[in-house]
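Have a look at the sequence and the model first.

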Amino acid sequence: RIGLLPVRMPFSPDANRHTARWWLMEPQPYRIRLATVDDHDALEAVYTQSAAAHLRPRASDLATLTQDAPKGQLVLETESGLSAVIHSLRIDATDTLSDSNSQTVLARHAPNGKTTLITAVAATPLAQSYGWGTQLYDFMLVYAACVQDVMEIAVVTHCVDYPLHGERTYE
């Protein structure tokens, strides 16, 4: 089982972002698909391999994302199982994110929000060694840009050393 995904090309402002041409595609040893409720154990396994315990999402948060924002949860699947995951949700505006944290950001979900907020990406060590987490992230950016009514994409991170970086803005 393989996927056919775009060849990584340099950005061109003249390119039509909604058009995929078959001659610009190449086979990959994985496929990207929407996450389902049945994936929860595998998602937890990906996080166990890739993130420190205090940075992993709670099982209840994974269930909430899959139920409330099903089109924003993508997984990268190989023959051996899930190797990477990326989570997103739609929000109304980014100006309220400065007082959010990983425990409260899910409450910002607005099904018809104009902003796609990427909240987490995780990849197993093997997937990291192949760069598949980055490829999944790149795919999510294109996917989110193609969703009707989405006007911007925002990304947040779980940073262990956040206090060391001082005040940062979202711009």
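**Starting from a salt bridge**

Arg31 and Glu77 bring their side chains together in a salt bridge, at 2.8 Å from N to O. The term here stands for a side-chain nitrogen of Lys or Arg within 4 Å of a carboxyl oxygen of Asp or Glu. Arg31 sits in strand E3 (residues 31-34) and Glu77 in strand E4 (residues 73-78), so this pair ties together parts that are 46 residues apart in sequence. Strands (E, at least two residues) and helices (H or I, at least four) are DSSP runs, numbered from the N terminus.

Before going further, keep in mind that this is a predicted model: local features need pLDDT of at least 70, side-chain atom pairs count only at pLDDT 80 or more, and totals for chains, interfaces and linings use all residues. Residues are numbered from 1 along each chain as its sequence is written, and side-chain values use heavy atoms, with hydrogens and water left out.

Are the two partners buried or exposed? Glu77 has 13% relative accessibility, so it counts as buried, while Arg31, at 33%, counts as partly exposed. The cut-offs are under 20% relative accessible area for buried, over 50% for exposed, and partly exposed in between (1.4 Å probe, protein chains only).

Now for the next arginine in the story. Arg33 forms a salt bridge with Glu77 too, and their closest N and O atoms are 3.1 Å apart. Since Arg33 lies in strand E3 and Glu77 in strand E4, the pair ties together parts that are 44 residues apart in sequence. With 19% relative accessibility, Arg33 counts as buried. Through shared partners, salt bridges join Arg31, Arg33, Asp39 and Glu77 into one network. Asp39 comes in through Arg33: their side chains meet in a salt bridge at 2.9 Å, N to O. Both Asp39 and Arg33 are buried. Over the whole structure, the search finds 4 salt bridges.

**Zooming out**

What does the rest of the fold look like? The protein chain has 4 helices and 7 strands, and along the sequence they follow the pattern β-β-β-α-α-β-β-β-α-α-β. Of the 171 residues in the protein chain, 34% are buried.

Taking contacts (heavy atoms within 4.5 Å) between residues at least 6 apart in sequence, 67% join residues at least 24 apart. As for the surface, the protein chain exposes about 10,800 Å², with carbon and sulfur atoms supplying 55% of it; accessible areas come from the Shrake-Rupley method with a 1.4 Å probe, and for residues, only the protein chains shown count as cover.
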